[in-house]
Amino acid sequence: MKIGIFDSGVGGITVLKEALTQLSEQEYIYYADKLNVPYGTKPKEEVKQYIFDVVEFLNSKNIDALIIACNTATSIAVKELRDKYKFPIIGMEPAVKPAVENSEDKKVIVTATSLTLKEKKFNDLVTKLNSRDIVDSLPLPKLVEYAESFIFDEDTIVSYLRKEFEKFNLDEYGTVVLGCTHFPYYKEYFKKVLPSNIDIIDGNFGTINHLKNLLNIQDKFEDNTENKITFYISGEEDNEILVKYLNLL
C-alpha cells in the first residue's frame, strides 16, 4: 500500500519511524509543509487552507491512506477532510485517554501547540473523559521552532523545558503527554527535567496500530528504514532532510 504522511514540518518523521517499525513493507510518501511551518501559532482558517492544499497534492499521488501526523492539523481539519476524500484518514490527538488511565491518583500535563490546546476537539476530549480536574495543559511552541531549525543542543532545550515546567508542582503529576509530533525528538531532555516517577507518553504507537487495524495489515515488527519513501518539502522532492532526522530517532 502507498501511505501518505503529512505534517507541517519534520515532526511527523517521528510517526514515520513508528510506521517503519510496525508496517515495514509498505510504501510511504511524506510531505513536510516547511514553507508554512509552524501551524500552531497561525490563524485557524489560514492553516486550514494549507492543509487542504497538501492533502490534494497527496491525493494526486494516488495514496491508499493518509496519516495526518500533526495534532494541530487534525484538530482543525480532519472531519472536513474525511467528508471530502474516500481513502482512510487517520488523525492524531494528544494521548489524553491513556494518560488519564495511567494517572491513578496523580494529575496529567498535556504539552502541545497553542492552537491544539485551544481547539474544541482537545477540550471536548478532556470533557468526555471527565478529567478536566486532573488534566492541565502546557503549550511549548519553541520546541517546534527548535526541531525545524535542527536545534538539539542539550543546554538550550533543557533550560527552556525547566523554565516552562516551573509553573507546576510536579509532585502532583504522574504523566506528561507529548501532544505534538515534534516533541518526541526531545524525549530524553524531558526525562532530564521531570522527576523519574513521571511517565512520558505520545500517540505515535497507537496511531500506527490504529492504521494497521483499519487497513487489516498484519506486518511483523522490525526496524526497517530501507522501504520506498518519497519525501516532499512543500512540493519539492528531497530525501536528504528525511535521513538526517530519522537518524535522530
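Where does aspartate 202 lie? Hold that thought for a second, everyone, while I cover the ground rules. This is a predicted model, where local features need pLDDT of at least 70 and side-chain atom pairs count only at pLDDT 80 or more, while totals for chains, interfaces and linings use all residues. Residues are numbered from 1 along each chain as its sequence is written, and side-chain values use heavy atoms, with hydrogens and water left out.

Back to the opening question: aspartate 202 lies in strand S8. When I say helix or strand, I mean DSSP runs numbered from the N terminus, with helices being H or I of at least four residues and strands being E of at least two. At 25% relative accessibility, aspartate 202 counts as partly exposed; buried is under 20% relative accessible area, exposed is over 50%, and partly exposed sits in between, using a 1.4 Å probe and protein chains only. Setting aside neighbours within four places in sequence, aspartate 202 is in contact with Ala95, Leu178 and Pro184, where contact means heavy atoms within 4.5 Å.

Now to helix H10, residues 204-215. Its twelve residues should span 16 Å at 1.5 Å a residue, and its end C-alpha atoms are 17 Å apart, which agrees; the expected span is 1.5 Å times one less than the number of residues. Which residues of H10 are buried? They are Asn204, Thr207, Ile208, Leu211, Lys212 and Leu215. Those residues cover an arc of only 140 degrees around the axis, which puts them on the same side of H10, the arc being that of the directions from the helix axis to the C-beta atoms. As a reminder, an α-helix has 3.6 residues a turn, so residues three or four places apart point the same way. The buried residues of H10 pack against strand S1 (2-7), helix H1 (13-22), strand S3 (65-68), S4 and S8 (199-202). After H10 comes asparagine 216, with a positive phi near 55 degrees.

A pocket here, on a 1 Å grid over the protein atoms alone, is an open set of points where a 1.4 Å probe fits, with protein on both sides within 12 Å along at least five of seven lines, and lining residues have an atom within 4 Å of a point. The largest pocket has a volume of about 410 Å³, that volume being the space filled by probe spheres set on the points, which are joined across faces, edges and corners. Its lining has 21 residues, of which Gly91, Glu93, Pro94, Ala95 and Thr207 lie nearest the centre. Helix H3 (71-84), S4, helix H4 (96-102), helix H6 (120-128) and H10 are the elements that give two or more residues to the lining.

S4 also belongs to the sheet. Six strands form an open sheet in the order S4-S3-S1-S2-S9-S10, with mixed pairing; strands pair if DSSP finds at least two bridges between them. S4 (89-90) and S10 (236-237) are the edge strands, each pairing on one side only.

Last stop, helix H8. Buried in H8 are Ile157, Val158, Tyr160, Leu161, Glu164 and Phe165. They cover an arc of only 160 degrees around the axis, which puts them on the same side of H8, while Asp155 and Lys163 are exposed on the other side. The cover over the buried residues of H8 includes S5 (107-112), S6 (135-139), H7, S7 (173-178) and H9. Thanks, everyone!
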